[in-house]
Amino acid sequence: MDLRQTFVLANEFKEGDLAVGGADDARLRADARRSLEALSLGEIVPATLIDDRVTDALERSLDRTAAAEVAGLTIARLKQILLSPSGAAWISRHRHGLRSEAIAAVVKVMTETELSIVARTIFNPLPGDGITVGAAEHFGSRIQPNSPGDDEDDILLSILEGLTYGCGDVIIGLNPASDDVETIAYLEELLRRVVERLRLPTRWCVLSDIVKQTRARERAAVDVGFQSLAGTSKALAGMVGLDVDGILDLARAFDGCYFETGQGSAVTNGAADNVDMVTLEARAYGVARHIQRATAAWTIVNDVAGFIGPEVFRTAGQLQRTCLEDVVMAKLHGLTMGLDVCATFHMGIAPNALQQTTRRVVELAAPAYLMAVAGNADPMLGYLTTSFREHPQLRRRCGRHITTAMHRRLATIDARTTPSLYAAYMKEDGDPRTIEALQEEGVVKIDRLRARGYDIGYGHEADYSAPSSVRTRMEAIYAQARLALYAALDGGVVHAVSPHHLRVRTRSRDRDDYLAHPRSGESITPEDAERIVSVAAISGARRPQVQIVLSDGLNANALNENLRAVLPPLRRELADAGLHVGDVDVVIENGRVRAGYAVGAIVDADVVIHFIGERPGTGLDTMSAYLTYGRDATGRSRWTSDLDHSWTTAVCGIHRHAKPPASAVQEIARLVRRIVDTRRSGVAL
């Protein structure tokens with residue numbers, strides 16, 4: 001058995017490892033763990049797993065003296081040391097000599113009880129006075145004030161509501177609905193105003209990518225640089241178009257860095273290089289450690305465990321195991337890491353089950369922080385995670401606290417109610433109205449958000465439990481999301497917006513196959529590919545400059561609801577701009593984003609505009625548009641179903657109560673004109 005096979009079989013079973021040779025066979029896994037325990041650290045040679053620039057960077061970052069000192073230890077002996085009373089002191093002396101692959105190996109051979117012992121022993125606090133981020137006494141949060149339309153009131157009031165529950169001491173981190181530089185700069189400025197006006201002892205970050213943030217710094221103050229990380233060069237290139245050294249070069253310009261990771265991302269994007277998820281995750285932490293040591297910047301990591309779907313893992317038990325593995329690996333690397341203990345709606349983990357899992361993870365894994373959103377369902381990303389209300393409960397259960405600095409500040413500004421914080425915020429901007437008048441305005445704005453489905457202003461019952469109206473709301477969102485996953489495109493809507501279209505299928509056998517195996521939804525069946533070619537030949541010899549693609553995605557209802565308001569006016573905008581749109585739209589059943597790339601290859605278009613239903617679970621049926629330029633600098637086609645997502649520009653959250661259709665039309669048309677003029681899209685745009 002070679003090293004790569006031993007590593008994947010030694011894992012606790014998760015669906016994602018099946019794609020790289022894993023097996024749901026307890027005997028095989030036990031044999032592999034015994035083989036792994038007998039290996040010495042010196043025998044684990046990373047290049048035999050993956051030979052790429054990430055491997056080169058991680059090898060360069062090792063402390064050679066420390067590596068030589070530990071080389072003779074077996075994995076079994078390393079496990080004994082870590083579980084001993086001196087384990088924390090030992091790792092503080094030797095961690096920079098431990099390869100990421102060795103850290104992955106020792107985690108694989110630990111039980112959950114053993115993982116918990118290590119997790120609750122090792123802490124990597126950030127500098128500061130009193131209780132600081134990552135200290136043994138600390139349990140904090142990232143306020144995630146997402147808005148499906150990047151709306152200022154949505155974001156502001158979500159932040160203020162979170163503060164009333166003691167959230168946000170680690171960072172205020174916003175996922176933008178629109179990922180262009182202009183929007184990023186606007187959102188960075190908004191977060192800066194909130195933090196500085198209220199003098200909050202925390203940091204802020206817009207979670208785009210470090211390339212766009214670097215450009216946004218020319219227009220706004222950017223506090224913390226953000227980048228998703230992965231364990232292979234191929235995966236990094238697919239995320240941001242850079243390898244580890246390119247990311248490091250940009251990170252040097254920031255005095256704070258926020259990195260996100262998560263088991264399974266490389267597998268689902270076809271960038272795993274036949275290596276298992278635990279090992280790839282450890283290598284991602286190795287990249288974070290490498291950048292942190294090279295920059296000496298304030299650094300936190302967030303593990304988004306559960307965001308991908310059932311193709312990675314299906315059960316709450318697997319999610320719990322993942323969280324424990326990841327926290328231990330991050331701590332052994334010397335990183336300060338939190339978790340997003342979450343579940344997409346197509347995983348089928350119900351809200352109550354996720355809350356129970358979250359409580360167990362906090363007690364067992366002792367993460368530095370968790371996410372905190374206005375209600376258990378994120379209003380923009382459409383997934384289940386931790387609500388503001390849960391944080392006071394979790395802090396009490398684990399006996400840990402927010403940072404001393406944030407505790408003092410919240411006491412000073414009387415952060416008991418959202419309207420009072422709104423009044424304080426407005427007064428700091430010089431608003432001349434009375435406190436009472438400003439609080440009344442805050443109440444009106446909160447009522448508007450509640451009417452749009454936001455979990456803001458409902459308060460809490462005893463012990464910070466959710467009121468019955470909130471529980472009913474969450475049950476309705478979960479039910480709506482589960483129905484949306486099995487919705488179908490409405491033929492009447494498709495005919496109304498697309499008089500000339502061709503309906504095709506991907507390789508997914510049915511809806512369940514599509515949800516469980518995303519790769520099946522990324523390519524068109526050979527028969528339908530031939531039909532597209534035939535129709536294109538009949539419709540005329542002119543190659544389309546812009547090709548329209550429509551896919552059901554995870555939520556066909558989103559297209560059924562929004563296409564009428566978007567596609568006809570967009571056609572007019574593109575025609576007025578002198579752009580030739582393909583005569584026949586391609587409508588895909590069980591289509592993923594990459595299926596649009598496959599269509600681009602078949603028709604040889606310059607640009608594909610792919611409308612797709614996404615993110616069931618926001619309470620809204622929002623649609624996204626993916627805009628991709630399919631040629632290289634010489635004009636040759638680069639279309640392939642495996643095209644890096646970093647080449648694509650996304651416009652998300654299209655809905656009358658999120659990003660209004662009229663605004664989306666203007667934004668898409670403007671972006672397509674830029675794409676055609678500059679001959680690039682995605683991170684290069």
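1. Both F345 and Y478 are buried. Note that this is a predicted model, and that every value below is computed from it. The rings of F345 and Y478 have centres 5.9 Å apart with planes at 40°, so the pair is classed as tilted. F345 sits in the loop between strand 8 (343-344) and helix 17 (351-365), while Y478 belongs to helix 22 (residues 468-484), so the contact ties together parts that are 133 residues apart in sequence.

2. The count of aromatic pairs comes to five. Among them is F307 with Y383, an edge-to-face pair at 5.0 Å centre to centre and 90° between the planes. This pair also links distant parts of the chain: F307 is in the loop between strand 6 (298-305) and helix 16 (316-332), Y383 is in strand 10 (residues 383-384), and the two are 76 residues apart. As for burial, Y383 has 1% relative accessibility, and since the cut-off for buried is under 20%, Y383 counts as buried. F307 has a relative accessible area of 34%, which makes this residue partly exposed.

3. Two arginines are placed over aromatic rings. The charged end of R203 sits over the ring of W298, at 4.9 Å from the ring centre. R592 lies over the face of Y514, and here the distance to the ring centre is 4.3 Å.

4. Helix 21 (residues 435-451) is worth checking for geometry. Its 17 residues reach 24 Å from the first C-alpha to the last, close to the 24 Å expected at 1.5 Å a residue. Which residues of helix 21 are buried? They are L438, G442, K445, I446 and L449. These cover an arc of only 105° around the axis, so they lie on the same side of helix 21. The face turned away from that buried side carries the exposed residues E436, E440, R448 and A451. Note that a lysine, K445, is listed among the buried residues of helix 21. After the helix comes G453, with a positive phi near 105°.

5. Helix 20 (418-428) is one of the packing partners of helix 21: the buried residues of helix 21 pack against helix 20 and helix 9 (152-164). Helix 20 is itself mostly covered, with eight of its 11 residues buried. The buried residues are T418, P419, S420, L421, Y422, A423, Y425 and M426. What covers them includes helix 9, helix 10 (181-197) and helix 21. Just after helix 20, G430 has a positive phi of about 85°.

6. How many of the residues of strand 15 (residues 623-629) are buried? Seven of the seven are, so strand 15 is largely enclosed by the rest of the structure. In a regular strand, side chains alternate between the two faces of the sheet. In strand 15 both faces are covered: M623, A625, L627 and Y629 are buried on one side, and S624, Y626 and T628 are buried on the other.

7. Strand 15 has paired strands to report as well. With strand 14 (residues 607-613), strand 15 pairs in the antiparallel sense over seven bridges, and the bridge partner of H610 in strand 15 is Y626. With strand 16 (residues 648-654), strand 15 pairs in the antiparallel sense over five bridges. There, the bridge partner of M623 in strand 16 is I654.

8. V118 lies in helix 8 (residues 112-119). V118 has a relative accessible area of 2%, which makes this residue buried. Leaving out residues up to four places away in sequence, V118 touches L82, L83, M110, V328 and L332. By contrast, V118 and R571 are 453 residues apart along the chain, with 58 Å separating their C-alpha atoms.

9. The last point concerns a glycine. G42 is found in the loop between helix 2 (26-38) and helix 3 (53-61). Is G42 buried or partly exposed? At 42% relative accessibility, G42 counts as partly exposed. Its C-alpha lies 4.3 Å from that of A71, although G42 and A71 are 29 residues apart in sequence.

Notes: Residues are numbered from 1 along each chain as its sequence is written. This is a predicted model: local features need pLDDT of at least 70, side-chain atom pairs count only at pLDDT 80 or more; totals for chains, interfaces and linings use all residues. Side-chain values use heavy atoms; hydrogens and water are left out. Rings of Phe, Tyr and Trp (its six-membered ring) pair if their centres lie within 6.5 Å; planes under 30 degrees apart count as stacked, over 60 as edge-to-face and the rest as tilted. Helices (H or I, at least four residues) and strands (E, at least two) are DSSP runs, numbered from the N terminus. Buried means under 20% relative accessible area, exposed over 50%, partly exposed in between (1.4 Å probe, protein chains only). A charge sits over a ring if NZ of Lys or CZ of Arg is within 6 Å of the ring centre and within 35 degrees of the ring normal. The expected span of a helix is 1.5 Å times one less than its number of residues. The arc is that of the directions from the helix axis to the C-beta atoms. Contact means heavy atoms within 4.5 Å. Two strands pair if DSSP finds at least two bridges between them.
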